[in-house]
Amino acid sequence: MENVVSDFDQIDGILKVLSECTDEFLYIYDIKKNLFKITERAKDVFLFDDTNVYDADREILQYVYPEDRKLLADSLWDIVIGKTDKHNLEYRWLDKQGNPIWISCRGSVLYDQDGSARYLLGRISELGRRNKIDSITGLYRESSLRDDIIGMDQTKEIKGFLLLIGVDNLKDINEKYGKDAGDEILSYTSECVKESAKGIGKVYRMDGDEIMVLCESYDTMEGDPAKELYDDIRERVDEYILKSGYQIFYTISGGSVFFDKKSAGDIEMIEKAGFSLREAKRQGKNACVRYSQERYDEYLRKLDMQEELRKAINNNFDGFEMYYQPIVNIEKRCILGAEALIRWNNEKFGRVSPGAFIPLLEESGLIIPVGRWIIKTAMEQCKKWQAVIPEFRVNINLSFVQLNKSDVIKDIDNCMEQLNFKVENVLFEVTESGELESDNLMQNVFRSFKMRKLNLAIDDFGTGYSNLRYIKEMMFDLVKIDQSFIRNIKESRYDYMVVKQFTELAHSLNLKVCYEGVETNDDFECVLGLKPDYIQGFYFARPVPVAEFEANYLGRQCVL
Ligand code: C2E
Ligand code: CA
Ligand code: CA
């Protein structure tokens with residue numbers, strides 16, 4: 001036996017001297033007599049009372065965070081029965097307020113003459129507090145959630161959930177009221193979550209200012225316990241807002257994911273809760289959404305498609321192609337020009353409709369390079385066709401992202417100059433949308449169009465926010481009435497009247513009117529009496545590739 005000593009006081013004396021030389025806490029544990037002593041300073045930090053020497057079994061365990069008591073007792077038992085002579089454990093003690101503090105405890109055994117374990121000597125450092133607890137909110141850190149999920153015991157029956165809570169529009173709040181207000185809201189929200197989650201689960205502060213609750217068991221047979229927890233948190237938040245006299249108003253959203261024995265331990269649950277929270281925000285915020293596998297698969301597919309789009313763009317716009325759909329001038333009964341409509345054909349996804357991929361381009365900002373390519377490609381094409389029909393006009397769609405976030409006018413100027421293009425040969429279509437940023441910005445953009453005498457159309461008129469002011473202020477030259485009105489025009493008196501009124505209103509303001517979605521002869525006969533200037537629809541022609549357009553429409557300009 002190497003480490004053989006006998007005197008508790010003697011060792012204690014040495015530890016006292018040594019403890020002056022370190023920030024860590026030194027301890028001695030008399031295994032036989034069940035006594036424990038630790039550096040005096042520990043009493044300032046942890047829950048210990050003022051006694052000098054503690055009864056290890058009874059008292060020490062009281063100062064240990066309840067969930068960790070068994071862990072500690074088991075580890076000490078291994079020493080008592082001689083299974084090991086080293087102690088090395090990370091667990092939690094309680095601080096003066098009763099909050100858990102992570103500690104790292106290491107120690108070595110000293111033996112008695114008879115070879116039995118007599119003392120455990122070692123040090124305790126407060127490393128846990130730094131690692132696992134967020135210093136601002138006092139909540140567990142994200143890393144600790146990962147450990148807890150990985151450590152889930154999948155041999156037992158488990159039924160639990162994760163609920164992720166996020167403050168809606170926190171970025172706007174920070175911008176509008178300052179970072180301090182944002183921090184206060186966050187810290188108050190954490191308090192609400194903590195209160196509501198008491199007895200239900202552990203609370204973690206996630207990177208990115210979100211708060212997660214992990215509940216490892218619930219007993220409700222019916223209903224949604226995560227939603228109930230969310231509702232409870234929301235009530236607390238609402239009380240706070242009420243108390244503040246509506247000085248600050250904010251809402252919270254929640255995303256939940258449930259797990260059982262099989263799915264426990266899977267770190268991907270965190271992603272899934274995050275996905276559900278984003279779904280809640282997408283659906284208008286101030287709500288709680290439960291994880292759905294189908295929606296998640298759809299989302300992954302979208303990410304995948306976005307990646308393919310990115311690759312295609314980097315690969316010189318591989319698979320993108322412009323189609324052209326004739327637009328017919330009703331008075332002259334001939335083709336006035338065409339709308340340029342983008343198509344995308346991809347090896348993995350096949351032919352994808354623009355309704356599916358354009359939103360992805362918009363979300364990722366990729367519509368900006370693609371939009372630039374569309375403007376260039378469509379104008380170059382139009383220039384060629386002007387050799388056959390000098391007044392040929394191409395209609396180009398502009399996305400709100402291009403208008404809000406890029407210098408689209410500069411792109412247009414560049415193309416016009418390079419191609420020596422005349423303004424009357426191009427028209428830009430803009431969908432009326434709530435997503436067009438502030439009126440001011442838009443007015444400025446539209447003014448730049450007008451200063452250059454560029455033609456503008458309001459697309460899908462009647463479906464969006466119908467900002468009549470733009471029309472009143474003569475920002476536009478053409479109104480394209482949305483297909484949804486034309487679709488039912490034969491059956492619906494209402495739709496017929498709306499189209500009639502829109503057309504008259506536009507004409508009275510000197511704007512041209514185009515009807516979209518005229519598909520059949522009946523449609524055509526029905527709308528003719530309403531005197532649209534132009535018609536675009538399958539009745540005359542579908543959007544077609546360049547070669548087909550040249551073969552079928554360019555040579556025979558007059559279609560009626
Ligand atoms: P949009 O600008 O309203 O384009 C008209 C859409 O109606 C086209 O669909 C066209 O094929 C379709 N259409 C035309 N006539 C008829 C008809 O008689 N019946 C029916 N049922 N449909 C008809 P497409 O090409 O699938 O485009 C869908 C939307 O995608 C476009 O709606 C536009 O918002 C967007 N988009 C297409 N190409 C571009 C583009 O180059 N740039 C931008 N920013 N958006 C584009
Ligand atoms: Ca359009
Ligand atoms: Ca349209």
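An open sheet of six strands is arranged in the order E7-E9-E10-E8-E11-E12, with mixed pairing; strands (E, at least two residues) are DSSP runs numbered from the N terminus, and two strands pair if DSSP finds at least two bridges between them. The edge strands, E7 (140–141) and E12 (288–290), each pair on one side only. Strand E11 (residues 252–260) runs parallel to E12 and is joined to it by three bridges, with Val-289 of E12 as the bridge partner of Gly-255.

The model is predicted: local features need pLDDT of at least 70, side-chain atom pairs count only at pLDDT 80 or more, and totals for chains, interfaces and linings use all residues. Residues are numbered from 1 along each chain as its sequence is written, chains are lettered from A and ligands numbered from 1 in the order written, and side-chain values use heavy atoms, with hydrogens and water left out.

The calcium ion (ligand 2) is coordinated by Glu-339 (OE), Asn-397 (OD1), Glu-429 (OE) and Asp-459 (OD), at 2.1 to 2.3 Å; donors are N, O and S atoms within 2.8 Å of the metal (3.2 Å for Na, K and Ca), and sites may look incomplete because water is not among the atoms. Glu-339 lies in strand E14 (residues 334–346) and Asn-397 in strand E16 (residues 393–398), so the pair ties together parts 58 residues apart in sequence. Glu-339 is buried, at 3% relative accessible area, whereas Asn-397 is partly exposed at 26% (buried, under 20%; exposed, over 50%; partly exposed, in between; 1.4 Å probe, protein chains only). Asp-459 bridges this ion and the calcium ion (ligand 3), the two lying 4.1 Å apart.

Definitions and conventions
Helices (H or I, at least four residues) and strands (E, at least two) are DSSP runs, numbered from the N terminus.
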